[in-house]
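I opened my notebook to look up the aromatic rings in this one. My notes follow the model below.

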Amino acid sequence: MKSTESQVSTFFRLSKGRPYIQTEGIFSIDKHNFSFEHNETQTEPSVDTGIPKYRLTTYSIKVPLYIGYKFVDSKPYTMGVFTGPKAKFLFTSMSRQQFSNFDFTNAKEYLDPLTYSWVIGLEVGISNLCFDFIYEVGMNNASEYIYIPESDKKFKFNRKLNTLSFSLGVTI
C-alpha cells in the first residue's frame, strides 16, 4: 500500500505557562494505492501489468484536541510533547474509488464517515517556525466493507489509520 496526504490546517492554543491545550481544524486530501500482488520488475506504477489494484481518494476534516507540555520554553526555542484524541469527518460523497484488473466491475468500498485516533507527538519551535513529529494510532476501522454487486457479497477490509508524520508550520 502506498499513501500520500496533503493538508492545510489552522490551530488555536491556550496556554498557562508550560502546559497547554490545543485544537486544530485540518482539511485533508488522502490518496491510497493498494496493489494486491508484489511485482519486482514493475518500475512505473502507472503501467498496467494486470495486477489487481485499488485506488482511493478521500477528502476530510480532522479535529484533534491535544494536551501538551513545553519542557523547553526559552525564547526563541521551545520543545514539548503532546497527546490527545483526533476525530476525522469524511466527505464520503466526494470520495473517488477505482478497482482495476479485478474480475468484477462495480465494486464499492463503504467508508466509515467518522473515525477516531489517538495522537502522540513532539513539537519543536524556533522563533516563528514550528515542527511537529506525530504518531497517530487508529482506534476504529476506516472501512465498513467492500460490496461486489456481481456476487452480492460483502467483504470486510480491516484498515486502521496508523500514521507517522512530520509537519512544518509558521505561527503569526
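Predicted model: local features only at pLDDT ≥ 70, side-chain atom pairs only at ≥ 80, totals over all residues.

Which residue lies over the face of Tyr145? I checked, and it is Lys154, at 4.6 Å from the ring centre.

I looked for another charge over a ring and found Arg13 over the face of Tyr20, at 4.0 Å from the ring centre.

Next, ring against ring. I got nine aromatic pairs in the structure. I picked out Phe34 and Tyr54: their ring centres are 5.5 Å apart and their planes sit at 15 degrees. Planes under 30 degrees apart count as stacked, so I logged this pair as stacked.

Where do these two sit? I traced Phe34 to strand β2 (residues 19-35) and Tyr54 to strand β3 (residues 53-74), so the pair ties together parts that are 20 residues apart in sequence. I also looked up how accessible they are. Phe34 has a relative accessible area of 8% and is buried, and Tyr54, at 0%, is buried too.

Then I turned to Phe131 and Phe166. Their ring centres are 6.2 Å apart with the planes at 20 degrees, so I have them down as stacked. Phe131 belongs to strand β8 (residues 129-138) and Phe166 to strand β11 (residues 163-170), so I noted a link between distant parts of the chain, 35 residues apart. Is Phe166 buried or exposed? I found it exposed, at 51% relative accessibility; the cut-off for exposed is over 50%.

Last entry: I followed the ring pairs and came out with a cluster of Phe34, Tyr54, Phe99, Phe102 and Phe104.

Definitions and conventions. Residues numbered from 1 in each chain as written. Heavy atoms only, no water. Phe/Tyr/Trp six-rings, centres within 6.5 Å; stacked < 30°, edge-to-face > 60°. Helix = DSSP H or I, 4+ residues; strand = E, 2+ residues; numbered from the N terminus. Buried < 20%, exposed > 50% of the residue type's maximum accessible area, 1.4 Å probe, protein only. Lys NZ or Arg CZ within 6 Å of the ring centre and 35° of its normal.
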